[in-house]
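Student: Hello! I am new to this structure and would like to learn how to read it. Could we look at it together?

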Amino acid sequence: LSDNCIVTIPKTLGRIFTLKCLDLSGNRISKLPNELSNLKNLQTFNISNNKFADDYVPPCAVDLDLWCDIIGKPVTWDQLIEEELHKRENNEGSADQDDF
């Protein structure tokens with residue numbers, strides 16, 4: 001499904017329970033349906049080169065433990081979530097400092 005100018009992913013994709021590899025790279029996707037968390041057999045998930053916001057973490061990321069290529073190199077969802085939490089902690093700290 002890579003490089004097809006896809007804008008949205010149907011929720012029904014989350015019903016293909018035997019899916020092991022999903023390459024959605026090179027499209028125009030800006031968000032993913034939560035139903036993708038049903039893909040428990042998914043081992044490879046590539047969503048690089050899409051239209052996600054810089055700080056976007058897919059809601060289904062918490063439920064999927066797999067390798068993901070978002071920024072051109074393989075990372076785990078745990079790494080992405082940890083990075084997002086770190087960003088949020090830094091932003092909260094900056095906001096606190098601005099109050100003084």
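Student: Which residues does R28 touch, not counting residues up to four places away in sequence?

Tutor: Welcome! Keep in mind that this is a predicted model. In it, R28 touches C5, I6, V7, N50 and K51, leaving aside residues up to four places away in sequence. The C-alpha atoms of R28 and F52 are separated by 8.3 Å, although the two residues are 24 apart along the chain.

Student: Where is R28 found, and how accessible is R28?

Tutor: R28 is found in the loop between β1 and β2. R28 counts as partly exposed because its relative accessibility is 48%, and that category lies between the 20% and 50% cut-offs.

Student: How many helices and strands does the chain have, and in what order do they run?

Tutor: There are 4 strands and 1 helix. Starting at the N terminus, the order is β-β-β-β-α.

Student: What should I know about the inside of the chain?

Tutor: Here is the general idea: in soluble globular proteins, nonpolar side chains tend to be buried together. In this chain of 100 residues, 34% are buried. The largest nonpolar core has 14 residues, and I9, L22, L24, I29, L32 and F45 have the most contacts inside it. Take I9 as a case: beyond residues up to four places away in sequence, I9 touches L24, I29, L32 and P33.

Student: Is S48 buried or exposed?

Tutor: S48 is buried, because its relative accessible area is 6%, under the 20% cut-off. S48 is found in the loop between β2 (44-46) and β3 (67-69). The side chain of S48 also makes a polar contact with the side chain of N46, at 2.8 Å.

Student: How many disulfides are there?

Tutor: In general, a disulfide is a covalent bond between the sulfur atoms of two cysteines. Here the count comes to 0 disulfides. As for cysteines, C5 counts as partly exposed at 48% relative accessibility, and C21 counts as partly exposed at 48% too.

Student: Where is confidence lowest, and where is it highest?

Tutor: Confidence is lowest in β3, with a mean of 49, and highest in strand β1 (residues 21-23), at 86. Across the chain, pLDDT averages 75, and 66% of the residues score at least 70.

Methods:
Residues numbered from 1 in each chain as written. Predicted model: local features only at pLDDT ≥ 70, side-chain atom pairs only at ≥ 80, totals over all residues. Heavy atoms only, no water. Helix = DSSP H or I, 4+ residues; strand = E, 2+ residues; numbered from the N terminus. Buried < 20%, exposed > 50% of the residue type's maximum accessible area, 1.4 Å probe, protein only. Core = buried A, V, L, I, M, F, W, Y, C linked by side-chain atoms within 4.5 Å. Contact = heavy atoms within 4.5 Å. Polar contact = N/O pair within 3.5 Å; in protein donor to acceptor, adjacent residues only side chain to side chain. Disulfide = S-S within 2.5 Å. pLDDT = per-residue confidence, 0-100.
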